[in-house]
Amino acid sequence: MIEIRLHGRGGQGAVTSAELLALAAIKQGRYAQAFPSFGPERRGAPVVAFCRISDEEIRVRAVISRPDIVLVLDPSILRLVDVCNGLKADGVLVANTRFSPEEIKKELGVKSRVATVDANRIAQEELGLTITNTTMLGALLKASEVVDKGAMIEPFRERFGRLAERNIKAFERAYKETKIL
Amino acid sequence: MAIKVGMEVSIAAAQAVKQANTDIIAAYPITPQTHIVEHLAELVNNGELDAEFIPVESEHSAMSVCTGSSAVGARSFTCTSSQGLALMSEIVYIASFLRLPILMLLANRSLSGPLGIWNDHSDVMSIRDCGWIQVFAENGQDVYDHVFIGYRVAEDRNCLLPFLVNLDGFILTHMIEPIEMMDQDMVNRYLPPYQPLYTLHPDHPVTMGAFTGPALYTETKKAQDEALKGSLPYIMKGWQEFGDLTGRYYHPIERYKTEDAKIILITQGSLGGTASIAIDSLREKGESAGLVKIRLWRPFPFEEFREAVKGAELVVVIDRAISYGGPGGPLAGEIRSALYAQERRPRVVNVIAGIGGHDVAPEDFEQIIRQARKSSGEGYEIYGVRE
């Protein structure tokens with residue numbers, strides 16, 4: 001079972017990212033859970049969402065405290081929240097930042113692998129706004145193939161309709177531009 | 001044909017209410033409420049569900065509408081949580097006395113105060129004695145399935161009782177997971193149209209809810225109690241036939257690795273899955289541990305329960321509500337009563353955990369069991385408190 005914790009700001013789509021990933025896995029006949037950190041939602045405040053993917057039925061319903069992957073959707077969260085708390089040593093931090101993996105590793109003292117991409121720039125150019133939920137899924141799948149890349153397309157089309165193509169482009173670009181160390 | 005789809009449990013529940021061909025939905029549309037009625041409002045608005053959606057001014061009115069609509073023979077649904085249930089509770093008792101087969105989904109959330117919106121069982125335990133059939137769901141599939149099972153059992157002329165499905169707030173209501181959806185043909189085969197026995201109709205006047213003086217009151221209440229106790233075989237029948245149709249069989253008491261278990265953990269609702277992981281871990285360490293999940297809360301399945309724990313030396317009961325100054329949580333009180341007259345009975349240790357949204361992980365259950373071994377079994381403990 002792969003456990004992913006997503007950090008973002010309210011309104012940025014961390015919950016949507018978790019959901020799209022889970023839907024892609026379920027469509028492939030696997031088991032998955034996606035859920036928000038429970039509570040009142042406040043736009044702009046740091047939020048957390050969770051996703052589990054497994055080939056077997058998932059019985060656990062506690063929050064994820066020892067993630068395999070941490071996905072950070074907003075650059076400012078990296079310095080505000082202890083995003084790497086509990087991250088497994090063989091796990092990976094996937095961050096939206098204009099800094100390189102070397103710089104992030106050094107600044108945050110991360111021992112595990114780090115993947116970075118400037119998702120704000122990609123989202124701004126492809127979607128015209130800095131909502132990075134679909135873009136950061138491209139970075140996530142580059143860092144760890146938790147679901148087949150192609151499996152994301154159908155959930156994108158179902159969720160975004162006529163806006164799907166732009167989201168797919170942002171997703172593909174992030175996949176190409178993500179650097180890993 | 002049934003297909004497995006990923007969706008939020010609340011949305012799946014709303015889809016089931018639609019597939020069950022519900023006639024009347026009455027709900028108070030703001031907090032505390034879930035996506036269940038939000039989605040139902042959309043379905044009615046979009047013409048996908050031919051039902052009357054009545055956005056009432058309070059939960060008290062929601063249950064009043066359901067009582068009236070069920071009394072005239074309409075299949076009636078409502079849904080609430082915490083404070084909403086507290087406000088509704090006056091009419092909840094009346095619905096069961098009038099023997100009206102209303103279906104309610106209760107997204108379990110804590111009662112104020114302090115003001116909190118998170119999951120526990122303090123809401124449902126406040127209406128423990130309301131006379132409804134009450135079940136607990138462990139996952140999204142259970143919730144979806146029990147919309148059909150609920151109506152089917154409630155409307156059975158041998159029952160004619162309202163049916164309450166408990167689903168843990170947030171932990172289930174906000175969860176996206178795979179759920180096997182039935183096609184309409186399957187639903188129709190399982191759930192025939194509602195054929196009421198007595199209805200309010202101007203052409204055939206009857207009285208429902210008449211004033212009852214001391215000369216008849218006790219007899220009336222005994223009849224009500226007999227009706228709820230007597231519903232057990234029809235609940236079993238509803239589950240059996242649902243299982244024959246879908247392959248998913250439900251039981252009043254569900255057991256996990258209890259056969260030779262000396263230590264048995266007891267849970268209700270969504271804690272069951274997490275607890276089963278702790279049981280696996282204890283078994284790997286050579287401990288003889290098992291899990292009993294109480295699916296049917298009312299009528300309480302005494303016989304099935306005693307059978308499930310008969311070999312145990314230690315029973316650890318997890319409650320998600322407090323009975324302040326009482327003998328233990330509401331579930332533990334029940335368990336102790338159920339075992340008291342037994343010649344050989346296990347030590348019962350009561351632990352209150354997971355209240356007000358406090359997370360409970362598999363390792364917490366292991367810790368609870370470690371502590372329970374040392375406990376005398378007197379009273380109860382509240383787990384994970386910082387002092």
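Guide: Ser82(B) counts as buried, with a relative accessibility of 5%. Bear in mind as we go that this is a predicted model.

Visitor: What is the phi of Ser82(B), and is the value positive or negative?

Guide: Phi is near 30 degrees, a positive value, and Ser82(B) isn't a glycine. Most residues other than glycine have a negative phi.

Visitor: Is Arg99(B) buried, exposed or partly exposed?

Guide: Under 20% would be buried and over 50% exposed, with partly exposed in between. Arg99(B) has a relative accessible area of 31%, so it counts as partly exposed. Arg99(B) sits in the loop between α4 and β5 of chain B, and its phi is positive too, near 60 degrees.

Visitor: How do you know whether His146(B) is buried or exposed?

Guide: Same cut-off: buried is under 20%. His146(B) has 1% relative accessibility, so it counts as buried. His146(B) belongs to helix α6 (residues 140–155) of chain B.

Visitor: Which residues does His146(B) touch, leaving out those up to four places away in sequence?

Guide: Its contacts are Leu103(B), Val135(B), Phe163(B), Val165(B), Trp239(B), Tyr250(B) and Arg295(B).

Visitor: Which kind of peptide bond runs from Gly113(B) to Pro114(B), cis or trans?

Guide: That one is cis, with omega near 5 degrees. Pro114(B) is in the loop between β5 (103–108) and α5 (122–125) of chain B. Another cis bond joins Arg298(B) and Pro299(B), where omega is about -5 degrees. Pro299(B) lies in the loop between β12 (296–298) and α11 (302–308) of chain B. For background, most peptide bonds are trans.

Visitor: What area is buried between domain 1 and domain 2 of chain B?

Guide: About 2,000 Å², and carbon and sulfur atoms give 58% of that. On the domain 1 side, Arg128(B), Phe136(B) and Glu138(B) lose the most area to domain 2 of chain B, together 30% of what that side buries.

Note on methods: Residues numbered from 1 in each chain as written. Chains lettered and ligands numbered in written order. Predicted model: local features only at pLDDT ≥ 70, side-chain atom pairs only at ≥ 80, totals over all residues. Heavy atoms only, no water. Helix = DSSP H or I, 4+ residues; strand = E, 2+ residues; numbered from the N terminus. Buried < 20%, exposed > 50% of the residue type's maximum accessible area, 1.4 Å probe, protein only. Contact = heavy atoms within 4.5 Å. Buried area = accessible area lost by both parts, 1.4 Å probe.
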